[in-house]
Amino acid sequence: MSAAAEAAGSRSAAGGRNPWLIAGVVSIATFMEVLDTSIANVALRHIAGGLAAGQDESTWVITSYLVANAVVLPISGWLSGVVGRKRFYMICVALFSVSSLLCGLSSSLEMLIVCRVLQGLGGGGLAPSEQSILADSFPPEKRAQAFGIYAIAVIVAPTFGPTIGGWITDNYSWHWIFLINVPMGIASLILVQWLLVEPDILKQERRKALAGGLKVDWIGLLLVALWLGCLEVMLDKGQREDWFDSAFITAFAVISFVSLVLLVPWELSCKDPIVDIRLVLRRQFGATCLVMLAVGAILYSSTQILPQLLQEQYGYTATWAGLALMPGGLMMFVLMPISSRLTNLVPPKYLIMAGMTVVALAMWHFTTLSPDADFSYFAWSRVFQMIGLPFLFLPITTASYADLPPDKTGQAAALINVARNLGGSIGVSLSTTLLARNAQVHQSYLAGHASPSALPYQLGLDQATAHFLAQGASQATAQQQAFDWIGQLVQDQATLLSYIDVFQALAIVALLMVPVALLLRRGQSGAAG
């Protein structure tokens, strides 16, 4: 057995059990958390109606969770080391489950927002903890297969979220999107307590770290919280508040920027930093974080705007909008084992380049969108996109641990998850802004061609008027209906063109990441220790 494998074995959470059993157990809570996030997005309108809240007010249900989640993510590695990995993971599961129950029982928007903050604090530590457990429980040559299970939790779950959320909100109450977490959380706690082991080496490291008393990097903690917390608020509320024309958004942007500027030198000079920024300065890890940032932006933004497009422009219900995305999730599920095997055979840089190229082509394919696109168009287009993602996520995640010391897996897991979530927030925010701004631009351009002097406009108006006259309307009513119909047609076309602009932008982002993969070393990431 290699030294790397021995190091991994001594830090394994499996003890004498099969590590694949542990991989399945720790994926339950992570799958639950990621699934809940995407479900909540779909149910937002139902929540607003059920609690008699405005649409803008109800968005704090999402923002509050994202802020709390963002604050915990980067410090989860440190918390895991101080509290104990198994204990920290169970605390996160318990907090997420209890707060989910309280969310489901909420009778006011204020209560729901407070409970969502607690839910975000619990959920923020789940994915990094699972990733760290897998990295330590499997030797480097088997990490790719182990991360395949993790990928199902954090990548496939958002694909099924809109379908499940749409079905629940269409047929039952929004309360159930939170209540369904409770039995899953209880099952996860029982299995984790029964099967997971806290390795002796981690106990020794914790005792050594706490020998001189608990040293907390309070300044680093404050700066991290301000940086990511304010950044999440800015990204989530920016478009609704008209960005920097709003003093509210400007203030949060300034606080976030100043906090980041102060955080970097402070953490680099701190003896016991709460976030090990030095990892990002490593060529291998820094490159994987950058590519993961782009993957998060493309995956989360496309997963959010596609159901929105289907419901607003094509009249789909929430359930059918989710079903259109489901074949893509199934395709990714099928390809995950193939990707895990290839990750050990092919240098990660080539898999990432190939995966990004496929995603870029898939996003560009969406620019062929037309008003008469049917269900099969969206389902197969999503499948096309998902073909590339397994060959991105697994190589990126596995390569991020190459050449890292074993005691840095917790910090590395936290930072790579920060990159994924932050990329998702940036992608969703910029996509939403691009949709709104470009829809106005396209509408102005199209309206300019719908002038009374334009022959096509006159012909269209006459044909529409004749149609409404044939339906039994009076001359005046038919003409007004024709005007309204042409106005709605212009607005729909402008909106559709703005969606095409977003897909085009995502294709460009994916294409720009292809050369970034060249920064990764040539060797197999799975073989590195």
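Which residues line the largest cavity? Ala70, Leu73, Leu228, Glu232, Val418, Asn421 and Leu422 do, where a cavity is a set of points, on a 1 Å grid over the protein atoms alone, at which a 1.4 Å probe fits but cannot get out, and lining residues have an atom within 4 Å of a point. The model is a predicted one, in which local features need pLDDT of at least 70 and side-chain atom pairs count only at pLDDT 80 or more, while totals for chains, interfaces and linings use all residues. Residues are numbered from 1 along each chain as its sequence is written, and side-chain values use heavy atoms, with hydrogens and water left out.

The structure holds one cavity of 30 Å³ or more. The volume of the largest cavity is about 50 Å³, a volume being the space filled by probe spheres set on the points, with grid points joined across faces, edges and corners. Helix H5 (60–83), helix H13 (218–237) and helix H20 (409–448) are the elements that give two or more residues to this lining. H20 supplies the largest share, three residues. By class, the lining has five nonpolar residues, one polar and one charged. In this scheme Ala, Val, Leu, Ile, Met, Phe, Trp, Tyr, Cys and Pro count as nonpolar, Asp, Glu, Lys and Arg as charged, and the others, Gly among them, as polar.

The chain as a whole has 22 helices and zero strands; helices (H or I, at least four residues) and strands (E, at least two) are DSSP runs numbered from the N terminus. Of its 529 residues, 54% are buried, where buried means under 20% relative accessible area, exposed over 50%, and partly exposed in between (1.4 Å probe, protein chains only). Among contacts between residues at least 6 apart in sequence, 83% join residues at least 24 apart, a contact being heavy atoms within 4.5 Å.

The largest nonpolar core has 129 residues. Such a core is a set of buried Ala, Val, Leu, Ile, Met, Phe, Trp, Tyr and Cys residues joined through side-chain atoms within 4.5 Å. Ile47, Leu309, Met356, Leu369, Phe378 and Phe503 touch the most other members. Helix H15 (residues 283–313) contributes the largest share of this core, 13 residues. Leaving out residues up to four places away in sequence, Phe503 touches Ile305, Leu306, Leu309, Met363, Phe366, Thr367 and Leu369.

Helix H15 also holds Ser301. Is Ser301 buried or exposed? Ser301 is buried, because its relative accessible area is 1%. Its side chain reaches the backbone oxygen of Ala297 at 2.4 Å. This is a polar contact, that is, a pair of N or O atoms within 3.5 Å; within protein, one must be able to donate a hydrogen and the other to accept it, and residues adjacent in sequence count only if both atoms are side-chain atoms. Beyond four places in sequence, Ser301 touches Gly296, Gly427, Val428, Ser431 and Leu506.

Two further buried residues sit in other helices. Met32 is found in helix H2 (residues 19–42) and has a relative accessible area of 1%, so it is buried. Met32 and Ala153 are 121 residues apart along the chain, with their C-alpha atoms separated by 7.9 Å. The contacts of Met32, not counting residues up to four places away, are Phe96, Ser97, Asn181, Met184 and Gly185. Leu335 lies in helix H16 (residues 318–345) and is buried at 12% relative accessible area. From Leu335 to Met386 the C-alpha distance is 9.1 Å, across 51 residues of sequence. With neighbours within four places set aside, Leu335 is in contact with Ile387, Pro390 and Phe391.

Most residues other than glycine have a negative phi. In this loop, Asp242 has a positive phi, near 65 degrees, and Trp243 has a positive phi of about 50 degrees. Asp242 is partly exposed, because its relative accessible area is 38%, whereas Trp243, at 11%, is buried. Ser246 is placed in the loop between H13 and helix H14 (247–269) and counts as buried at 10% relative accessibility. The side chain of Ser246 reaches the backbone nitrogen of Ile249 at 3.4 Å.

Terms used. On a 1 Å grid over the protein atoms alone, a cavity is a set of points where a 1.4 Å probe fits but cannot get out, and a pocket is an open set with protein on both sides within 12 Å along at least five of seven lines; lining residues have an atom within 4 Å of a point.
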